[in-house]
Amino acid sequence: MQRKLFWIGFAACAWAASMLAGAQAGRKPGLWEVTSKTTWQQSPFAGATQEPGDSSSVSAAPQTTVVCLTQEMIDKYGGPIPQSHNECQLSNVNRTIKGMTADWVCNGRLNGKGSIQSSWTDDNHSSGKVHFSGTMQMGAGSRPVEWTNQFTSSYKKPNCGSVKPDEEKPAQ
């Protein structure tokens with residue numbers, strides 16, 4: 001159960017970070033599809049699949065999800081804020097015409113620092129990666145973690161249908 005909760009939270013963080021990066025300068029509100037693949041340089045879990053020819057990393061299966069990006073999110077944050085239960089914050093955001101970079105600092109269940117980079121070729125597509133290194137709370141203790149998440153996102157349509165936008169949680 002702990003593994004499933006982690007993956008749900010992790011996937012939410014990864015797509016939100018990718019959408020934050022991809023929702024600048026003319027990005028469109030509406031339904032977006034995000035596909036991401038995580039490679040663990042140091043995994044807290046057993047049973048991940050070994051990358052061919054690489055004894056130092058393991059990979060999770062690619063994950064695809066849809067997210068609803070509102071105009072308010074674009075105006076206020078540049079996109080959805082990373083959903084990390086108020087544990088992580090972006091800093092040193094550097095936006096350019098074709099992309100962005102930022103630091104991602106986490107204090108909570110995840111403790112450590114990451115970097116986010118994203119680029120886009122047009123208003124309908126973005127790609128990039130998130131790299132994180134730190135510790136993750138596991139039961140009564142914590143374990144070291146390091147992972148890289150590579151993603152692509154593409155605009156699907158202006159109507160989100162039944163997909164609801166994530167709501168901002170108040171700061172603690």
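Contact means heavy atoms within 4.5 Å. Among contacts in the protein chain between residues at least 6 apart in sequence, 59% join residues at least 24 apart. The model is predicted, so local features need pLDDT of at least 70, side-chain atom pairs count only at pLDDT 80 or more, and totals for chains, interfaces and linings use all residues. Residues are numbered from 1 along each chain as its sequence is written, and side-chain values use heavy atoms, with hydrogens and water left out.

The protein chain contains two helices and nine strands. Both kinds of element are DSSP runs, numbered from the N terminus: helices are H or I with at least four residues, strands are E with at least two. From the N terminus on, the order is α-β-β-β-β-α-β-β-β-β-β. The accessible surface of the chain comes to about 9100 Å². Carbon and sulfur atoms account for 51% of that surface. Accessible areas were computed by the Shrake-Rupley method with a 1.4 Å probe; for residues, only the protein chains shown count as cover. Of the 172 residues in the protein chain, 40% are buried. Buried means under 20% relative accessible area, exposed means over 50%, and partly exposed lies in between (1.4 Å probe, protein chains only).

Charged pairs were examined next. Side chains of opposite charge can pair when their charged atoms come close. A salt bridge is a side-chain nitrogen of Lys or Arg within 4 Å of a carboxyl oxygen of Asp or Glu. A search of the whole structure finds two salt bridges. One of them joins Glu33 and Lys156, with the closest N and O atoms 3.9 Å apart. Glu33 lies in strand β1 (residues 30-42) and Lys156 in strand β9 (residues 141-157), so the pair ties together parts that are 123 residues apart in sequence. Glu33 is partly exposed, at 28% relative accessibility. Lys156 is also partly exposed, at 44%.

Lys113 and Asp103 meet in a salt bridge too, at 4.0 Å from N to O. This pair links distant parts of the chain, ten residues apart: Lys113 is in strand β7 (residues 110-122) and Asp103 in strand β6 (residues 99-106). Lys113 is partly exposed, with 48% relative accessibility. Asp103 is buried, at 17%.

Rings of Phe, Tyr and Trp (its six-membered ring) pair if their centres lie within 6.5 Å; planes under 30 degrees apart count as stacked, over 60 as edge-to-face and the rest as tilted. By this rule there are four aromatic pairs. Among them is the edge-to-face pair of Trp104 and Phe132, with 6.2 Å between centres and 70 degrees between planes. Trp104 in strand β6 and Trp147 in strand β9 are 43 residues apart. Trp104 has a relative accessible area of 1%. Trp147 is buried, at 1% relative accessibility. Trp104, Phe132 and Trp147 form one aromatic cluster.

Cys106 is placed in strand β6. Cys106 is buried, at 0% relative accessibility. Leaving aside neighbours within four places in sequence, Cys106 is in contact with Glu87, Cys88, Asn111, Gly112 and Phe132. The C-alpha atoms of Cys106 and Gly134 are separated by 8.7 Å, while the two residues are 28 apart along the chain.
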